[in-house]
Amino acid sequence: MPDAARPPRHVLILGGTTEARRLAAALAPEPAGAPEHAPEPALRVTTSLAGRVAAPRLPAGEVRIGGFGGPEGLARWLREHAVDALIDATHPFADTISHNAALAAATAHVPLLAVRRPGWVPVPGDTWHQVTSLDEAAAALPALGTRVFLTTGRMGLAHFAHLTGLWFLVRSVDAPEPPHPPRMEVLLDRGPFTVEGERALLRTHRIDVLVTKDSGAAATAAKLTAAREAGVPVVVVRRPPVPDGVPVAEGPQEAAEWLRGLFSAADSH
Ligand code: NAP
């Protein structure tokens, strides 16, 4: 039973992903009735966004935007805002914040869970070249094609800037800034994408190689199907590992169960 005298437990979600938005919606649903009839919330949910995207999709609950100032800043934030649980639901490639979260949670003695959707798995018909960094992806490209569909995001374009002999179709949420490849066309879009749409893109732009991070997202998986059908090779950048010792949930539902278990164990003590 929740203790009426205790303030609602505070969950901080490190966000910027669909999973983070879904988790916030599951934990902090909008009250269905008029505000005066709304029940006392059992949880206070805050989502933190890095502030990289100009017009982010805002999650349910409270939102804060911007960096914390390294692991020390995050640890301070956890203490000052009396956070009871920290959920790292950032993108699988947001490596720095995930390491900061592990350090800060240990310092502030706050339980931490990472939410990581499963990665993509190649199926028969795929021609995947798996690499571990954007530099390796760039090094692999000249041997694979000349017209590249680059979907690794605007932040890493500098790694491809020296490839003057290749043409790039770059898809990103916001417009990229230099340095970037000299021969490129930019497509501003954030998905979700359809197989039909991806097929048309590959055909219209005569793409002969695709570069992607293994984000594992359903919303962006259609390009892999389209590439398989068209016989287009795919350079897949593998994910960095989750920091040592951090438990992992595959999705928002599992994360919500972890929180329930955590708080009911604390209640019974
Ligand atoms: P990163 O390299 O791991 O983090 C760099 C710095 O950005 C961190 O040290 C932290 O600054 C700040 N930061 C990152 N995520 C934050 C968050 N959720 N709330 C507050 N500060 C945050 O991160 P990134 O790869 O640039 O990604 C930034 C954000 O975009 C993440 O939230 C991620 O979920 C989202 N995203 C990333 C990708 C990707 O491919 N990397 C794709 C889609 C969405 P301080 O040290 O000052 O705290």
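Guide: This is a predicted model. Let's start with Glu198, which has a relative accessible area of 2% and so counts as buried.

Visitor: What does Glu198 form a salt bridge with?
Guide: With Arg171. The closest N and O atoms are 2.8 Å apart. Glu198 sits in helix H5 (residues 195-204) and Arg171 in strand S8 (residues 167-172), so the bridge ties together parts 27 residues apart in sequence.

Visitor: Is Arg171 buried or exposed?
Guide: Buried, because its relative accessible area is 6%.

Visitor: OK, what about Arg199, what is its salt-bridge partner?
Guide: Glu229, with the closest N and O atoms 2.6 Å apart. Arg199 is in helix H5 and Glu229 in helix H6 (residues 222-230), so this pair ties together parts that are 30 residues apart in sequence.

Visitor: And how accessible are Arg199 and Glu229?
Guide: Arg199 is partly exposed, at 35% relative accessible area. Glu229 is partly exposed too, at 46%.

Visitor: How many salt bridges are there?
Guide: The count comes to eight. One of them joins the side chains of Arg116 and Asp88, at 3.1 Å from N to O. Arg116 is in the loop between strand S5 (112-115) and strand S6 (128-131), while Asp88 is in strand S4 (residues 85-88). The two are 28 residues apart. Both are buried.

Visitor: Switching to the ligand. Which residues come nearest?
Guide: Gly15, Ser48, Arg52, Phe68 and Lys213, out of 22 residues around the ligand.

Visitor: Which backbone atoms lie by its oxygens?
Guide: Among them, a polar backbone atom of Phe68 is 2.7 Å from a ligand oxygen. A backbone N or O of Gly69 lies 2.9 Å from a ligand oxygen. For Asp95, the backbone N or O is 3.3 Å from one.

Visitor: How much of the ligand does the protein bury?
Guide: 76% of the 810 Å² that the ligand exposes when taken alone. Strand S2 (43-49) and helix H3 (95-108) are the elements giving two or more residues to the shell. H3 gives the most, with four.

Visitor: What's the shell made of, by class?
Guide: Six nonpolar, 12 polar and four charged residues.

Visitor: Last one, the surface. Which residues make the nonpolar patch?
Guide: Leu58, Val63 and Ile65, covering about 270 Å². Val63 is in strand S3 (residues 62-65). Val63 has a relative accessible area of 32%, so it is partly exposed. That is over the 30% needed to join a patch.

Notes: Residues are numbered from 1 along each chain as its sequence is written. This is a predicted model: local features need pLDDT of at least 70, side-chain atom pairs count only at pLDDT 80 or more; totals for chains, interfaces and linings use all residues. Side-chain values use heavy atoms; hydrogens and water are left out. Patches are made of residues with over 30% relative accessible area and no salt bridge: like charges are joined within 9 Å, nonpolar side chains (Val, Leu, Ile, Met, Phe, Trp, Tyr) within 5 Å. Accessible areas come from the Shrake-Rupley method with a 1.4 Å probe; for residues, only the protein chains shown count as cover. A salt bridge is a side-chain nitrogen of Lys or Arg within 4 Å of a carboxyl oxygen of Asp or Glu. Buried means under 20% relative accessible area, exposed over 50%, partly exposed in between (1.4 Å probe, protein chains only). A residue is near a molecule or strand if one of its heavy atoms lies within 4 Å of it. A polar contact is a pair of N or O atoms within 3.5 Å; within protein, one must be able to donate a hydrogen and the other to accept it, and residues adjacent in sequence count only if both atoms are side-chain atoms. Ala, Val, Leu, Ile, Met, Phe, Trp, Tyr, Cys and Pro count as nonpolar, Asp, Glu, Lys and Arg as charged, and the others, Gly among them, as polar.
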